[in-house]
Amino acid sequence: MDYAGVVATGIDFSTRRGGVSRTVGGILAFAFPLAMTALALSVGLRRLGDMTDIAASLLATMMFLVAAPTAWIFTVDFIEAGRLLVITSALLTSLPLWYFAGSRLAYYARSWGIWALRYVVLCVVWSALNVVLIVIVGSLAG
């Protein structure tokens with residue numbers, strides 16, 4: 001009996017699936033949260049102003065909550081934390097989540113173009129879900 005045609009060839013046992021570095025993909029995933037945080041901080045933390053500044057600071061707060069999802073922990077009433085502590089600890093606990101997301105996208109991407117497209121889609125969907133959540137919480141609260 002001839003088994004020459006039954007033997008499988010071209011089997012790859014490597015653990016890497018895509019052509020994109022997971023480490024670089026994870027580090028590049030910091031772009032969105034850091035940009036959103038920089039935009040949120042550009043409003044100013046202690047500046048007084050008119051009604052447009054209130055709207056801008058509210059928008060900046062929502063942008064920061066999108067960029068640092070663990071900042072919701074500091075909305076609990078019994079936590080007394082200053083603004084600088086909230087910003088730094090929320091970023092320190094949220095950036096590993098963004099790194100994991102970027103590295104996971106890199107694991108499945110075959111090229112940087114595919115990674116970038118999936119990353120943009122992830123950021124848009126994440127932002128939209130957060131806006132929907134804020135609207136639902138706002139409508140339930142009053």
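A contact here means that heavy atoms lie within 4.5 Å of each other. With that in hand, look at the protein chain in this predicted model. Take the contacts whose separation is 6 or more: residues 24 or more positions apart account for 74% of them.

Next, the elements. The protein chain has five helices and zero strands, so reading from the N terminus you get α-α-α-α-α.

How far can we trust the prediction? The mean pLDDT of the protein chain is 81, and 74% of the residues reach 70 or more. Where pLDDT is low, the predicted coordinates should not be read in detail.

Now burial and surface. The protein chain has 142 residues, and 28% of them count as buried. Its accessible surface comes to about 9,800 Å², with 72% of that belonging to carbon and sulfur atoms.

Which of its residues are buried? They are F32, P33, M36, T37 and A40. Around the axis these residues cover an arc of only 125°, and therefore they sit on the same side of α2.

Helix α2 also meets helix α5, residues 112-141: their axes come within 11 Å and cross at roughly 45°. Because of that angle, α2 counts as oblique to α5. On the α2 side the contact is made by A31, F32 and P33, and on the α5 side by Y119, C123 and S127. Notice that F32 and P33 were also on the list of buried residues in α2.

Conventions: Residues are numbered from 1 along each chain as its sequence is written. This is a predicted model: local features need pLDDT of at least 70, side-chain atom pairs count only at pLDDT 80 or more; totals for chains, interfaces and linings use all residues. Side-chain values use heavy atoms; hydrogens and water are left out. Helices (H or I, at least four residues) and strands (E, at least two) are DSSP runs, numbered from the N terminus. Buried means under 20% relative accessible area, exposed over 50%, partly exposed in between (1.4 Å probe, protein chains only). Accessible areas come from the Shrake-Rupley method with a 1.4 Å probe; for residues, only the protein chains shown count as cover. The arc is that of the directions from the helix axis to the C-beta atoms. pLDDT is the predictor's confidence in each residue, from 0 to 100. Axes are lines fitted to C-alpha atoms, for helices over the stretch in contact, and angles run from 0 to 180 degrees between N-to-C directions. Angles under 35 degrees count as roughly parallel, over 145 as roughly antiparallel, 65 to 115 as roughly perpendicular and the rest as oblique.
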